[in-house]
Amino acid sequence: MAVVSSSVEGVGQSSFRFRCIACGGLSDAAGQDFRCGKCGDLLEITYPAWKETQPDAATLRSAWKGRKLSSKPVDQSGVWRFRDLLPAIEDENQVISLREGSTPLYELPQCARITGVPRLFAKHQGMNPTGSFKDAGMTVAATFARRAGFRWVACASTGNTSASMAAYAARGGMRGLVLVPEGKISWSKLSQALDYGAVTCQLRTDFDGCLRLLQDLVRQSPVYQLNSINPFRLEGQKTLAFELLEQLDWNAPDHIIVPGGNLGNSSAIGKALLEMRELSLITRLPKLSVIQAAGANALVRTLREAAGKRLISVPAETRATAIRIGNPASWKKAAHVLEATGGACEQVSEVEIAQAKAEIGAEGIGCEPASAVTLAGLKKLVAQGFVNPTDTVVLVLTGHLLKDPDFTIEFHRGQMFGGDGDTALEGLRHAPILLDASLDAVMRTLEQFN
Ligand code: F0G
């Protein structure tokens, strides 16, 4: 059997199976809750045929490069361009794509000076079609939802998953059901779900409550679950790492740093790193580190207080609402990839998040608060000596600046922390200035800033 199509034409073939992350049981099909029929733990996708007909690294690299010149929609997707390492589809017309992926890798010269790490980069997943990394996973999972004949897809969300799912459901001619915690997601994200036409329910609970309810729903109704419990999502999100390594000419960085919420993205990136090593696309593993908000630090506590053996759930509270999650579903997968790559897990305060967000903004790039934990976390990892000044470090910025304008405006107006917190961050604040509409007033203001 051909495992990988080496030609630029056609669709790569990677036959796959589901494997339970706890008991290792293999199956060809998964239930609607994407849990192991025997032990109830999460499933992951595995490609057993790689062992026999291992895709050749040089062939893969050149096929991926070649597809960049193609005008076919499936090649113009920065996710499906790497389809040789994704679950196989029979026909490329099955793909639901918004030309996701192909996100920029930016240098961060000012943040490099601040942290003392000259080789510092940001992989900006906020530059995806709906403004977050979720699109990379959603194109794959939505494609498989439609292929399985589902009319309804659904998710629980802190906002970005719902925006992405609503868009891909609309593109794929499916109906979308969104469950979000009332009052705890940004208006920007909510407005996306509405505009893309999802049935949007604001539930009087938190994200963890929404996810529990969704799990019950999908066991009883023919509704396809598009949370990151769905292993097809994580396969799509792997492509961030493939693309990053391609952008670095296949020289592995020393560190990749990601925010941690429900812990799907860190699990996906870690899986991609391990697969790339298995396929000799890289010889050295970057250390993958996860940063959480101190107010939503379930993984930090799980690793520190329970040695990663059992989940310590927490009541989550943070202004970085995207990662306001206390009971992360993919904690075991994330703990595994942190261990396998030798990465760290840290937490950062609300003030540290706001400061880091402003510093990334001052680069002319910007990101949403949840993404800024990466820079705040890097400062800690440098102080601890875990990251060396000579290391190459990549921060994964998960969401666009415009995802949470309320946070940004409150910050710059000095209304975020009250008193000392805001005073400490004064040099980073740029509040709007209200003036009479006179040339004189504008000139005087200009002089003040000169
Ligand atoms: N950054 C942003 C911008 C997010 O939206 C999320 C998660 C994360 C980081 C954390 O990623 O959950 O894979 O560890 N947002 C989800 C949502 C939960 O519903 O949009 P994770």
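In the predicted model, strand 6 is joined to strand 9 (residues 223-225) by 3 bridges, and these two strands run parallel. Within this pairing, Trp 152 stands opposite Val 223 of strand 9. Strand 6 also pairs with strand 7 (residues 175-181), to which 5 bridges join it, again in a parallel arrangement; here Ala 154 has Leu 177 of strand 7 as its bridge partner.

Strand 6 itself comprises residues 152-156, and because 4 of its 5 residues are buried, that is, under 20% relative accessible area, the strand is largely enclosed by the rest of the structure. In a regular strand the side chains alternate between the two faces of the sheet.

The buried set includes Gly 264, Asn 265, Ser 266, Ser 267, Ala 268, Ile 269, Gly 270, Lys 271, Ala 272 and Leu 273, together with Glu 275 and Met 276. In an α-helix there are 3.6 residues a turn, so residues three or four places apart point the same way. Just after helix 10, Ser 280 adopts a positive phi of about 60 degrees.

Conventions. Residues numbered from 1 in each chain as written. Predicted model: local features only at pLDDT ≥ 70, side-chain atom pairs only at ≥ 80, totals over all residues. Heavy atoms only, no water. Buried < 20%, exposed > 50% of the residue type's maximum accessible area, 1.4 Å probe, protein only. Pairing = 2+ DSSP bridges.
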